Amino acid sequence: MQHLIIGNGVAGTTAAAQIRRYDPAASITIFSEEAHPFYSRLRLTDYLAGKVEEQELILRNQAWYEKQRLDLKLSCRVSRIDGAAKQVQTAGGETFSYDRLLLAAGGAAVFPPLPGGEKEGVFTLRSLEDAKSIKQYAARVEKVLLIGGGVLGLEAGNALRLAGCRGQIVEFLDRLLPNQMDPAGSRLLQRQLTDMGLRFELGVKVAALEGEERVSSFLLEDGRRFPCDLAIVAAGMQPRRELADCLGLPVNRGGLVNDYL
């Protein structure tokens, strides 16, 4: 039995281990766009803060894949699936056949249309490569803008504060973490984070990121302008649906499945 798994996050890695557990003879291939084996996304902000080194983020090293007899293909993006022929094609032009295929590509960072969003110094934080790029850039700047007052924006802002930067968080809603906390809790959290050195602009949107080639300031919709050397867009996640669309699968906020997936 030839199993192909697209995605090397917690879902894909766990599925591969369970398939191997129940089928010692199966051929299992895992495709990952990233250059690293399975690592902890939850600790990327710890990496930004300097609390852990890159190698400490790795949860499954290359030796684990070899022991499980999993063929891990790193830096290998699957660009197309032919469901009728039961084949996938990579961006590099290679074709692989399968008996069973698991789509576990996860999500991608939302980057809403924003004037100036293409400038140098503007990032999203989803992958280890994102974190490495942000950390390298942040080492030579001081003022950081976080667009989004959700969990990721707050954690990234605090991580860069610990790394020596000054963070300013802009949230278009009137309070922090509205899906997780009631108004009283949000106010308490904001006071605590303000005492720690973070600044907040709530109930307003960023209208534009400004500067020549690199970002140097941001403009709010109410006309106020603030300096910034680095901007992180933390506007949420969206499902990676391109391959599901290839197969004509129904997708809402994620792939729609039955009780048996």
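1. Ground rules. This is a predicted model, so local features need pLDDT of at least 70 and side-chain atom pairs count only at pLDDT 80 or more, while totals for chains, interfaces and linings use all residues. Residues are numbered from 1 along each chain as its sequence is written, and side-chain values use heavy atoms, with hydrogens and water left out.

2. Overall build. The protein chain has seven helices and 17 strands; helices (H or I, at least four residues) and strands (E, at least two) are DSSP runs, numbered from the N terminus. Its C-alpha atoms fill a box of roughly 60 × 40 × 35 Å along the principal axes. The chain counts 261 residues, 42% of them buried. Here buried means under 20% relative accessible area, exposed means over 50%, and partly exposed is in between (1.4 Å probe, protein chains only).

3. Contacts over distance. Take contacts between residues at least 6 apart in sequence: 61% of these join residues at least 24 apart. A contact means heavy atoms within 4.5 Å.

4. Surface and charge. The accessible surface comes to about 14,200 Å², and 49% of that belongs to carbon and sulfur atoms. Areas are from the Shrake-Rupley method with a 1.4 Å probe; for residues, only the protein chains shown count as cover. As for charge, there are 32 positive and 32 negative side chains, with the centres of the two sets 4 Å apart. Lys and Arg count as positive, Asp and Glu as negative, and His and the chain ends are not counted; each charge is placed at NZ of Lys, CZ of Arg, CG of Asp or CD of Glu.

5. After α6 comes G197, whose phi is positive, near 120°.

6. A16 is in helix α1 (residues 10-22) and is buried, at 0% relative accessible area. Beyond its neighbours within four places in sequence, A16 touches I5, I28, I30 and L70. T29, in strand β2 (residues 27-31), is also buried, at 6%. With neighbours within four places again left aside, the contacts of T29 are Q2, H3, L4, I5, D71 and K73.

7. Two backbone spots to look at. R69 is not a glycine, yet has a positive phi of about 55°. R69 is in the loop between α3 (62-67) and β3 (70-73) and is partly exposed, at 47%. L177, not a glycine either, has a positive phi of about 45°. L177 lies in the loop between β11 (166-171) and α6 and is buried, at 10%.
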